[in-house]
Amino acid sequence: MTHNPFTDHDWLLDEQVTPVHHHESTFLCSLNPGEEVEDATILGSPAQVSHASRAAKADAVEAATGERPRAHLSRRGVLRGGAGAGLGALMVASATPRYAFAATPTAPRDTIVAIFMRGAMDTLSALVPHGDPAYYAARPSVAVAKGQVIDLDGFFGLHPQLAPLMPAWTAGELGFVHATGNTDPTRSHFAAQDNVERAAPANIRSGWLGRHLETSSTTQGTFRAITLGPRATASLAAPFPTLSMTSVADFDLRASATYKPNVMRDLDAMFGDAGGAMSAQADAAFTAVDRLATLRAQTYKPAGGAVYPDTAFGRNMAEIARVIKAGLGVEVACVDLGNWDMHNNMGTATNPDGWMSRQLRDLALTLAAFRTDLGAHFAKTLVVTMTEFGRRVAENSTGGLDHGHGQAMFFMGGGIVGKKVHGRWPGLDKAALDAGDLAIATDYRHPLAEVVSRRLSNPRVDQVFPGFTPTALGLAR
Amino acid sequence: MTVLAATTSARLRPYLNTTVKPGARGKAVTELQAALKMPRKARTGRFDAATKRAVVAYQRKKRLPATGTVGAATWHALAGVPMPKPRPAVKKPIQPSRPTVNAPTRSAHAPNLPVSTDPAWHLARRLTYGANATLLTEIRTLGATKWLEQQLNPASINDSACEKIVATTWPNLHASRDVLHAMKNESGALGAGLWHSNIWLQRATETRRVFSKRQLFEMVVEMWHDHLHVTLGADKVSGAVPRYDRDVIRKHAFGTFADMLQAATVHPAMIAYLDNSRSKKDSPNENLARELLELHTVGVGQFTEADVKQAARILTGTSQTNFEPLYRPTFHWVGPVQVMGYTHPNATADAGPAALSGLLTYLAHHPATAQRIALKMCRRFVSDTPSAALVTAVAAAFTANRTAIVPTLRVLFNHPEFIASAGQKYRRPGEYVTALYRAANPTWTAPEKPVGPDGGGTHMPANLVHDGHYRLQHEPLAWPAPNGYPDVAAAWQSASGTIVRANLPYYLVFWADRTVKTTDWATAYKITPQMSAYTVVDTLTAALTGYPFTAAHRTALAKFLWDHTGKTSPTTTGPVGADRIKYRLKDLVRLILASPYMNLR
């Protein structure tokens, strides 16, 4: 049974909502002068929500029609086969790939790794327009000095902490799109993240990567999409389950060591017997636990001498490399790098211990290690970074930057047209700014649509970005 | 007489619990004939016709069953000794047997599991945040009807313990915006209270769901929050939602929908949330107007874009400042307005509130609103796919009672479809997490330090509850869109969620935060070493889920408890012994709490 992704959203549109928000940013600022309060929303906000849905519509439908989403043969059979079939048998079972979702009958796709910079990253500090005097005029204390910038093309250059990315740039595997972003005028982290991740009119609650998965294959493999984090990210919201895990080691059933095989077997049996959506979901979950068992049992050693920084982001990216290399069929991986909300005291490029320096170092060292670690896999990998909005061009009085508009996106991988800053640069002259912010010359959906089409081999860009007509920038090979 | 009676009593004592029938012979019969004061000549020691006649006459005189046979009752009467009272049945706070199977029922979410249950369990699972022994005893003692009436009249329930917890733990929960804004964070910046009030409200809401005795009220409060939703955590309403919760949702949850709609629409939280604060006559903002029609009342298909524009005009001027209500006449659009079948002259700049109030009354009582509210209630309390007949019946009650909520709910809860709907709801994450916690019979432990603008620190009680909500993406009131959290299973079932749900009981049982760390499951559920493994399993499955487990699952759990290596198997009677309880009971509890049964409401 096939399902139409654009009519099967009925639970998402449970109430047929078409909320049209006319945001009153300016007025709200005068009503709510507490800028700190807004900042706080990004730091452990309970509602910093990825309301990523994990609907089981497809499974429920299949269960209702009596068609199992996938064959239930192996593992349960092994587990129930006898008293002796414990964890050992489970590992043996898991060593055999059972689902051939990787053999989707379309062109081979890149694995896309989408990195969301939560908190609004100042990309003018990362990809510095050092050829624009207005940049230095607007930032007397926090600009990256000309002597510090690693020049790329005579106009743009990198923050010194991004030096580890230079090999990728030189190899033509790193490119940027500047002055891009979400044209919605909101300056709310919350609303902007929601907008960017949905990338669709407000009445569509799924995320753009969720729609990509939906429209590019009818098969939902266990590891087709993963989020490194406690919950599936909003970009992956779709009417079928996607996995989220904090680490390979963590995606496991917890139990006392002695009884773990019993706990697994009994839960597996009870859920397997339940039938319906409950069985289908548990099957996906336990299958993932099972297939990760082999990986869990090994200590991960990055390839090529790659060394990830010992940070949450570094560890998450190492986990992504690990599952990609394990051949589990990962097509989409999502991960966050937070802590970009630098209203105060962001530090300067001359200080390697400043806030921005530390953040960028984490980013660069991790991406460089990731590229080395993947080795040959990198040719079929596409790393994309985005943030909810850029930051104000002019620094504020407390050594930081307030919420802005345009941003730069990073594109890294074997299939991109690298060594180039793509997109039109509107400039930083006062007249060119959008209320003091970098104007958006290129809607962020243009580059995303291009890579979805060319690198992810998905022709249904109209459904991934509904209501949007994309233009190629020449970013993807 | 006394002496004689004592003598008679003593002489008859050996026979008190015997039965002597016509045809019998012997000393017992001689003593019987003497006690009946038969003539000496007739005391033959043979239970003959004369003896029988005398027995029957005596039994009639004493208003005993005139059987002619002498049993315990007659002997006791003859001896002048009162019959011993029957032994009182041992009171069992937790049903040790498997739950009553009163009808074969299947759940759409797990069609192969038996989900029959007894009525007390059905009410406990469906109308509360989780059953526990206390609650079941309460329902069984009062009877379903009385318990339901009590829950529908929450003022009749003394909930002072829970109210005190909330009032003392979050004293600034309902502080004004100015007070909240004046609070500083650790680095001294103003405004900390605005954000932290969101956290307070989430924790207070979770705490009430665990500890309040007004369980149905809390369930209905959650339903109305999902209906007239204001996203907790949205920047523009930070600091406003606690008062919205108190003054709109809680105030009217058991009142009338018409009153609640009036209160919600003009509340500063809603005004700010749906961008009506600066909506002016020259360019009205349509956000609130649209959601009022689409989400809060009649629903899609009942109105046109022109109706939205007209409703937006009526709403102009209805504003707020500093989260205090404010009407701005200079913003108000003046002139006749029409929304669907409602008209108002709206002749002056001051007419806004009256025109709006009339519109809200019209919308609250519209038949399409009744249908939507009824569907929402049925989805909350019966199934994801309630029958049209049920929805229509509930909508009729809503209309007949002028949108009064309690009588509408009463019709719903007494409907056969509700009664027959055991297991038809898949627990949403919040319901699952809270039910786990309630099963542990938690007691409240006050935080180590007063809860301040820091939101309560890391040692708040009920951290496990909050963590479960967070991991499963169901933090109270935090759904990011104006349509509220979905209330159908498909929105909540996921592979990752399955693992999280399977692991939460592990943390509850083995790690549990300090509020429940002392839970001794054996004591709490009266498990003794003399019980057989099967009895332990039956006791716990019944006490924790209220569903009968299939024979295969029951056996698997008993085998686990008996010998996890599978080398030996339990018998139906062999005592389980202290060691098995000591080493495997917690894992058994975890298995039951993590089982599919526990996910069915």
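Is Asp275(B) buried or exposed? At 0% relative accessibility, Asp275(B) counts as buried, where buried stands for under 20% relative accessible area, exposed for over 50% and partly exposed for what lies in between, with a 1.4 Å probe and protein chains only. The structure is a predicted model, in which local features need pLDDT of at least 70 and side-chain atom pairs count only at pLDDT 80 or more, while totals for chains, interfaces and linings use all residues. Residues are numbered from 1 along each chain as its sequence is written, chains are lettered from A and ligands numbered from 1 in the order in which they are written, and side-chain values use heavy atoms, with hydrogens and water left out.

Most residues other than glycine have a negative phi. Leu477(B) also has a positive phi, near 65°, and is likewise a residue other than glycine. Leu477(B) is found in the loop between α23 (463–471) and α24 of chain B, and with a relative accessible area of 6% it is buried.

Turning to chain A as a whole, its secondary structure comprises 15 helices and 12 strands. Of its 477 residues, 63% are buried. The accessible surface of chain A amounts to about 15,900 Å², and 55% of this belongs to carbon and sulfur atoms; such areas come from the Shrake-Rupley method with a 1.4 Å probe, and for residues only the protein chains shown count as cover. Contacts (heavy atoms within 4.5 Å) were counted in chain A between residues at least 6 apart in sequence, and 75% of them join residues at least 24 apart.

Leaving aside residues up to four places away in sequence, Leu473(A) touches Val177(A), His422(A), Thr442(A), Pro447(A) and Glu450(A).

Charged pairs come next. Side chains of opposite charge can pair when their charged atoms come close. With a salt bridge taken as a side-chain nitrogen of Lys or Arg within 4 Å of a carboxyl oxygen of Asp or Glu, the count over all chains is 46. In one of these, Asp110(A) pairs with Arg455(A), and the closest N and O atoms are 2.9 Å apart. Asp110(A) belongs to the loop between α5 (87–94) and β1 (111–117) of chain A and Arg455(A) to the loop between α14 (445–454) and α15 (461–464) of chain A, so the pair ties together parts that are 345 residues apart in sequence. Asp110(A) counts as buried at 1% relative accessibility, as does Arg455(A) at 12%.

In chain B, Arg140(B) forms a salt bridge with Asp118(B), with 2.5 Å between the closest N and O atoms. Arg140(B) is in helix α6 (residues 133–142) of chain B and Asp118(B) in the loop between β2 (110–114) and α5 (119–127) of chain B, so parts 22 residues apart in sequence are tied together by the pair. Arg140(B) is partly exposed, with a relative accessible area of 36%, whereas Asp118(B) is buried at 10%. Another salt bridge joins Arg380(B) and Glu431(B), whose closest N and O atoms are 2.2 Å apart. Here helix α18 (residues 367–381) of chain B holds Arg380(B) and helix α22 (residues 429–439) of chain B holds Glu431(B), so the pair ties together parts that are 51 residues apart in sequence. Both Arg380(B) and Glu431(B) are buried, and both belong to a network of salt bridges that also includes Arg209(B), Glu222(B) and Asp226(B).

Key:
Helix = DSSP H or I, 4+ residues; strand = E, 2+ residues; numbered from the N terminus.
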